[in-house]
Amino acid sequence: LFVGLMIINYGLNLVIVGVPAAHADDRPRFRFGKDLIWYTVLAQVVDRLGFILSLTVGTAVAALFNSKIEIALSRGILGGLAFNFILSGLGIAMLSEFFVKVRWRVPPRSARRIAIRAGIFTNPTWFIALSLSLSALLRR
């Protein structure tokens, strides 16, 4: 299951980051493929760090506005998802910009556009929110 998800993630990164970067530069294409494997692994680490930080921040913010811990935790999870989308998105965008601009030497304007798309469209929070929504619908 993990390998399958990583292959899907690699494919998404290839479409959102690799192909646009390859078209913006005249470097050999094989380097993008190898680097994209490392990018995919590092993006997973960045996302996990963003998740831990966002859940902590979301729970703390929710606790500030409520005294009941159960309500704070439930709102903390929803707030954590919102913070996760923002923090993981920013982390993924910064990692993408580094790889695209520094590692692959894509012009800064193109690199920024690719990084913004990566931060939005390769952000795993979409899948977390979708799975939570689907499980809530199935419980009804």
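For anyone new to the term, pLDDT is the predictor's confidence in each residue, from 0 to 100. This is a predicted model, where local features need pLDDT of at least 70 and side-chain atom pairs count only at pLDDT 80 or more, while totals for chains, interfaces and linings use all residues. Residues are numbered from 1 along each chain as its sequence is written, and side-chain values use heavy atoms, with hydrogens and water left out.

Confidence is highest in helix α4, residues 108–121, at a mean of 94, and lowest in helix α5, residues 125–139, at 80. Helices here are DSSP runs of H or I with at least four residues, numbered from the N terminus.

Next, the core. A nonpolar core is a set of buried Ala, Val, Leu, Ile, Met, Phe, Trp, Tyr and Cys residues joined through side-chain atoms within 4.5 Å. Buried means under 20% relative accessible area, taken with a 1.4 Å probe on protein chains only. The largest core has 17 residues, and those with the most contacts inside it include Val-17, Tyr-39, Trp-104 and Ala-118. Two or more residues of this core come from each of α1 (2–23), α2 (29–65), α3 (69–103) and α4.

Phe-99 sits in helix α3 and is buried, because its relative accessibility is 6%. Setting aside neighbours within four places in sequence, Phe-99 is in contact (heavy atoms within 4.5 Å) with Asp-35, Trp-38, Tyr-39, Leu-42 and Trp-104. Its C-alpha atom is 9.2 Å from that of Ala-115, 16 residues apart along the chain.

Ser-54 belongs to helix α2. Is Ser-54 buried or exposed? Ser-54 counts as buried, because its relative accessible area is 0%. Its side chain reaches the backbone nitrogen of Asn-84 at 3.5 Å. Not counting residues up to four places away in sequence, Ser-54 touches Gly-80, Phe-83, Asn-84 and Leu-87.

Thr-125 is in helix α5, and at 4% relative accessibility it is buried. The Thr-125 side chain makes a polar contact with the side chain of Asn-123, at 2.9 Å. A polar contact is a pair of N or O atoms within 3.5 Å; within protein, one must be able to donate a hydrogen and the other to accept it, and residues adjacent in sequence count only if both atoms are side-chain atoms. Beyond four places in sequence, Thr-125 is in contact with Leu-81, Asn-84 and Phe-85.

On a 1 Å grid over the protein atoms alone, a cavity is a set of points where a 1.4 Å probe fits but cannot get out, a pocket is an open set with protein on both sides within 12 Å along at least five of seven lines, and lining residues have an atom within 4 Å of a point. Points are joined across faces, edges and corners, and a volume is the space filled by probe spheres set on them.

How many cavities of 30 Å³ or more does the structure hold? There is 1, and the largest cavity has a volume of about 50 Å³. Its lining includes Asn-9, Tyr-39, Gln-44 and Pro-124. Helix α2 gives the most to that lining, with 4 residues.

The largest pocket holds about 350 Å³ of space. Of its 13 lining residues, Leu-5, Asn-9, Gln-44, Pro-124 and Phe-127 lie nearest its centre. Helix α1 supplies the largest share of the pocket lining, 6 residues.

Terms used
Buried means under 20% relative accessible area, exposed over 50%, partly exposed in between (1.4 Å probe, protein chains only).
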